[in-house]
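Dear colleague,

Please find below the structure that I am handing over to you. My notes on it follow directly after the display.

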Amino acid sequence: MLLETFQHWSQQVTETSNALDLEPGVFSWDDPRKIALSLKRSANNSQRRKAAPFASAMSMLDFYINRAGKRLSAHQCDVLEKAKSALRELYGRARIEL
C-alpha cells in the first residue's frame, strides 16, 4: 500500500508540478535534445518556479530519473542521462567532474 501511494505521489508530481508545465510524455521521448529543449522551454516560461530555470529543469529531470529507478529500461535511462548533458549544453553549463 505504501509503495503504491508513493508511486502515485511521484507520478502526480511529475504530471502536475507546480514549478513547471511539462509537455505530456516528455520523459518517454527517444531524443535527448528534444527532451532538453522541452524542459528548457518549460523552465524558462514558468512563472511559478522557485529556482533559476536551469536548476528547475535539471531538478525535474533528476526527480524523474530517481523516482522511475529500476522501472526505466536501459535504453530510456541512457536517453535521459544524455538529456541531462544536452540540458547542460543548452544552458552553457559544463559538467563538473569530481
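**Helix packing**

The crossing of H2 and H3 is right-handed, a term used where the near helix is turned clockwise from the far one by less than a right angle, anticlockwise being left-handed. Please note that this is a predicted model, in which local features need pLDDT of at least 70 and side-chain atom pairs count only at pLDDT 80 or more, while totals for chains, interfaces and linings use all residues. Residues are numbered from 1 along each chain as its sequence is written, and side-chain values use heavy atoms, with hydrogens and water left out.

The axes of H2 and H3 lie 8 Å apart, and the two helices pack at an angle of about 130° (axes are lines fitted to C-alpha atoms, for helices over the stretch in contact, and angles run from 0 to 180 degrees between N-to-C directions). H2 and H3 are therefore oblique to each other (under 35 degrees is roughly parallel, over 145 roughly antiparallel, 65 to 115 roughly perpendicular, and the rest oblique).

H2 also packs with H4: their axes come within 8 Å and cross at roughly 55°. That angle makes H2 oblique to H4. The crossing of H2 and H4 is likewise right-handed.

As for the overall make-up, the protein has four helices and zero strands (DSSP runs numbered from the N terminus, with H or I and at least four residues for helices, E and at least two for strands). Along the sequence, this gives the pattern α-α-α-α. Of the 98 residues, 36% count as buried (under 20% relative accessible area; exposed is over 50% and partly exposed in between, with a 1.4 Å probe and protein chains only).

**Salt bridges**

How many salt bridges does the count come to? The count comes to five, where a salt bridge is a side-chain nitrogen of Lys or Arg within 4 Å of a carboxyl oxygen of Asp or Glu.

One of them joins Arg-48 and Asp-21, whose closest N and O atoms are 2.8 Å apart. Arg-48 belongs to the loop between helix H2 (32-45) and helix H3 (53-68), and Asp-21 to the loop between helix H1 (2-16) and H2, so this pair ties together parts that are 27 residues apart in sequence. Arg-48 is partly exposed at 36% relative accessibility, and Asp-21 is exposed at 52%.

Asp-62 and Lys-84 meet in another salt bridge, at 2.9 Å from N to O. Because Asp-62 lies in helix H3 and Lys-84 in helix H4 (residues 74-90), the contact ties together parts that are 22 residues apart in sequence. Asp-62 is partly exposed at 25% relative accessibility, whereas Lys-84 is buried at 12%. These two residues also belong to a network of salt bridges that links Asp-62, Glu-81 and Lys-84.

**Aromatic rings**

There are two aromatic pairs (rings of Phe, Tyr and Trp, the last by its six-membered ring, with centres within 6.5 Å; planes under 30 degrees apart are stacked, over 60 edge-to-face, and the rest tilted). Phe-27 and Tyr-64 form a stacked pair, with 4.4 Å from centre to centre and 10° between the planes. Phe-27 sits in the loop between H1 and H2 and Tyr-64 in helix H3, so the pair ties together parts that are 37 residues apart in sequence. Phe-27 is buried at 5% relative accessibility, while Tyr-64 is partly exposed at 24%.

Phe-54 and Tyr-91 form an edge-to-face pair, because their ring centres are 5.4 Å apart and their planes stand at 70°. With Phe-54 in helix H3 and Tyr-91 in the segment after H4, this pair ties together parts that are 37 residues apart in sequence. Phe-54 is buried, with a relative accessible area of 13%.

Tyr-91 has a further contact: Lys-40 lies over the face of its ring, 5.0 Å from the ring centre (NZ of Lys or CZ of Arg must be within 6 Å of the centre and within 35 degrees of the ring normal). The charged end of Lys-34 sits over the ring of Trp-29, at 4.5 Å from its centre.

With kind regards
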